[in-house]
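Here are a few friendly notes to read alongside the structure. Keep the 3D view open and find each residue as you go.

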Amino acid sequence: MNLRRRLSVAAISVTALTTLATATATAAPRQEHHPGPRATGTASHEATRKAMDALVAAGNPGVTARVTDAGGPWKAAAGLGDIERETPRGADDHYRVASITKTFVATVVLQLEAEGKLDLDDTVGSWLPGVVEGNGHDGDRITIRQLLNHSSGIYDVNTDPEYARKIFTKDFLEHRYDTWTPAQMIAMAMRHEPHNAPGEGVLYSKTNFLLAGLIIEKATGRAYGDEIRRRIINPLHLRGTRVPGTATTLPRPSARGYDLLSGTPGSTLYDTTELNPSYAGAAGEMISNSADLNRFYSALLRGKLLPKRQLAEMTTTIPVHPDVPQVRFGLGLFSYQLSCGITVWGHTGSAPGSSSVVVTTSDGRHTLAANVNGDRNTYTLQLVEAEFCGA
């Protein structure tokens with residue numbers, strides 16, 4: 001099952017969420033010996049180890065994961081980072097976090113609200129006049145809040161046939177180095193009718209966060225990536241995190257990324273490591289590693305990045321779909337009620353050859369970040385159930 005094709009790149013599909021909902025399943029790290037994943041840490045996390053092995057057994061090249069909790073840091077890797085060279089996956093790998101970028105963007109928007117530079121109930125049209133219009137779209141009826149919780153109804157550019165062909169099929173190999181602009185992608189979305197009237201439905205849409213990135217630029221006079229670096233990356237010392245713009249390579253250490261590019265199981269697995277991440281922009285271009293993602297989400301939920309009022313806004317949720325009441329959308333953040341009753345907060349991300357998840361408890365004290373360098377049966381959310389519920 002390919003999550004990206006089921007809903008949109010880096011979105012959580014209803015099928016995957018149903019699988020999650022029904023699944024049964026600061027000391028210095030020390031080296032542990034284990035026949036499965038290569039791990040370091042102070043706790044066993046045996047269920048998480050087994051879930052990592054299962055993802056590799058399902059056909060994914062490799063998995064990397066890191067946990068921070070009361071027992072201290074724990075990290076592990078399983079499978080291969082490079083199929084041709086048969087080199088192992090690394091526990092400290094950098095990877096494309098894709099839609100996890102959305103939480104960074106939403107955090108900046110909420111910081112700007114706290115500073116009085118914008119209001120969540122401002123309309124998109126008041127900030128970006130003439131940008132969201134045509135075929136039933138009306139930016140004067142859509143608020144910034146509705147962008148961030150995906151209730152705007154704005155068409156998802158991921159499902160535009162031209163865009164989808166160039167990114168999600170074998171045509172990607174021809175277009176992988178193309179530079180995309182937010183204006184270009186938003187214009188493609190405007191060629192279609194909205195999914196729903198503003199506030200009257202939910203559609204996970206990349207277009208929402210392309211617009212949020214432009215609003216950040218309009219409100220600050222600086223690119224959204226510059227604001228993320230200034231407000232989040234630098235203060236938290238996230239040395240493995242970057243907003244790459246059009247840079248096509250990953251920093252070291254990192255694994256190769258592999259993707260079927262809309263092929264059926266058993267078809268060719270393509271190396272998709274190098275690509276121009278401008279195709280995702282403010283909706284998903286960032287690169288990070290598990291240690292940095294753990295630090296960011298823990299700091300966010302602990303209130304280190306937002307005042308209480310804005311954090312409350314971020315964690316005010318709406319239902320995603322009646323079939324998956326366990327999952328709800330906040331502002332650039334999702335909540336998940338797991339099978340054991342624990343609620344965690346986080347996001348998933350999917351880019352060609354990369355599938356990621358990061359979640360934390362509401363107090364920010366137990367955090368998991370993980371990545372699979374492939375897209376075959378990539379239910380990274382199974383790792384969440386394993387880590388937090390032991391299932």
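1. Arg 89 and Asp 93 are both buried in this predicted model. Their side chains meet in a salt bridge, with 2.7 Å from N to O. Side chains of opposite charge can pair when their charged atoms come close. The count of such bridges in the model comes to 18.

2. Now look at Arg 231, which forms a salt bridge with Glu 115; their closest N and O atoms are 2.7 Å apart. Arg 231 sits in helix α11 (residues 224-233) and Glu 115 in the loop between α4 and α5, so this pair ties together parts that are 116 residues apart in sequence. Arg 231 counts as buried because its relative accessibility is 10%, under the 20% cut-off. Glu 115, at 41%, is partly exposed.

3. Helix α11 also holds a pair within itself: Arg 230 and Glu 227 lie 3 residues apart, about one turn of the helix. Their salt bridge has its closest N and O atoms 3.0 Å apart.

4. Among the residues making the contact are Met 185 and Ile 186 of α9, and Leu 210 and Leu 214 of α10. By class, the contact has 7 nonpolar residues, 1 polar and no charged ones.

Note on methods: Residues numbered from 1 in each chain as written. Predicted model: local features only at pLDDT ≥ 70, side-chain atom pairs only at ≥ 80, totals over all residues. Heavy atoms only, no water. Contact = heavy atoms within 4.5 Å. Helix = DSSP H or I, 4+ residues; strand = E, 2+ residues; numbered from the N terminus. Nonpolar A, V, L, I, M, F, W, Y, C, P; charged D, E, K, R; others polar. Salt bridge = Lys/Arg side-chain N within 4 Å of Asp/Glu carboxyl O. Buried < 20%, exposed > 50% of the residue type's maximum accessible area, 1.4 Å probe, protein only.
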